[in-house]
Amino acid sequence: MKKLFLMGRSEAGKTSLTQVLKGEELHYHKTQYTNTGADIIDSPGEYSETKRCGLGLACFSFEADVLALLMAADEPFSVFEANCQCFTNRPLIGIITKIDSPFANVPMVKNWMVNSGCERIFEVSNITREGIGELLDYLKEDPVRLTLQQAKDRQRLGLTEWEDASQYGMA
């Protein structure tokens, strides 16, 4: 299973999503520090509520296989800067929580995530479990493994490790 790093503002649903992905019952728990588990790194919301969240993403990109920006579907604004994926060396996905909220505006939140550089976006509800299966399927896929030489070759071409390199004659 891919190791997932979650970043999002306070009360966006990061810890609840962590509980759902582990098959636990939902219970409120305020994340006070970065919790590193076998498959998930859960960060406090304050990390994304400060300037330059991309730097936080870059720091944890070395410990995770995939990074996720997490936003509730009823967010009034985005705390993520445009193109914050440029700080990372891992795939950046978006996870929209609270899609069952009566105030949800999924298209708007999805647009913010695209502008931030998310390559793939998942829509989930921690309450109804809608969309959780699709996210779990993605996380169960094996992470891409490269040799040092493959990484150097891709870097020379300006490719990330998860992009298809077959058009450049690389495996």
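**Exercise 1. Look at strand S1 and find which of its residues are buried on each side.**

Step 1: S1 is covered on both faces, with Leu4 and Leu6 buried on one side, and Phe5 and Met7 buried on the other. Here, buried stands for under 20% relative accessible area, exposed for over 50%, and partly exposed for what is in between, using a 1.4 Å probe and protein chains only. Strands (E, at least two residues) and helices (H or I, at least four) are DSSP runs, numbered from the N terminus.

Before going on, a word on what you're looking at. This is a predicted model, where local features need pLDDT of at least 70 and side-chain atom pairs count only at pLDDT 80 or more, while totals for chains, interfaces and linings use all residues. Residues are numbered from 1 along each chain as its sequence is written, and side-chain values use heavy atoms, with hydrogens and water left out.

Step 2: Now check the partners of S1. Two strands pair if DSSP finds at least two bridges between them. S1 runs parallel to strand S3 (residues 40-42), over three bridges, and Leu4 has Ile40 as its bridge partner there.

Step 3: S1 also pairs with S4, again in the parallel sense, over four bridges. In that pairing, Leu6 stands opposite Ala68.

**Exercise 2. Work out which residues of helix H3 are buried, and where they sit around the axis.**

Step 1: H3 covers residues 106-116, and its buried residues include Val106, Val109, Trp112, Met113 and Ser116.

Step 2: These residues span an arc of only 125° around the axis, so they are on the same side of H3. The arc is taken from the directions that lead from the helix axis to the C-beta atoms.

Step 3: An α-helix has 3.6 residues a turn, so residues three or four places apart point the same way.

Step 4: What covers that buried set? Strand S4 (66-72), strand S5 (92-97) and S6 are among the parts that do, with contact taken as heavy atoms within 4.5 Å.

**Exercise 3. Find the aromatic pair and say what it ties together.**

Step 1: Rings of Phe, Tyr and Trp (its six-membered ring) pair if their centres lie within 6.5 Å; planes under 30 degrees apart are stacked, over 60 edge-to-face, and the rest tilted. The count by this rule is one aromatic pair.

Step 2: That pair is Phe122 with Tyr138, and it is tilted, at 5.3 Å centre to centre and 45° between the planes. Phe122 is in strand S6 (residues 120-123) and Tyr138 in helix H4 (residues 132-140), so the pair ties together parts that are 16 residues apart in sequence.

Step 3: Tyr138 has one more neighbour to spot. Lys2 lies over its face, at 3.8 Å from the ring centre. For a charge to sit over a ring, NZ of Lys or CZ of Arg must be within 6 Å of the ring centre and within 35 degrees of the ring normal.

**Exercise 4. Go through the salt bridges and see which parts of the chain they join.**

Step 1: The rule asks for a side-chain nitrogen of Lys or Arg within 4 Å of a carboxyl oxygen of Asp or Glu. Across the whole structure, four salt bridges turn up; let's take some of them.

Step 2: Glu75 and Arg9 meet at 2.4 Å, N to O. They link distant parts of the chain, 66 residues apart: Glu75 is in the loop between S4 and S5, and Arg9 in the loop between strand S1 (4-7) and helix H1 (14-21). Glu75 is buried, at 4%, whereas Arg9 is partly exposed, at 23%.

Step 3: Lys110 and Glu123 form another, at 3.0 Å, N to O. Lys110 is in helix H3 and Glu123 in strand S6, so parts that are 13 residues apart in sequence are tied together.

Step 4: Glu134 and Arg120 meet at 3.8 Å, N to O. Glu134 belongs to helix H4 and Arg120 to strand S6, so this pair ties together parts that are 14 residues apart in sequence.
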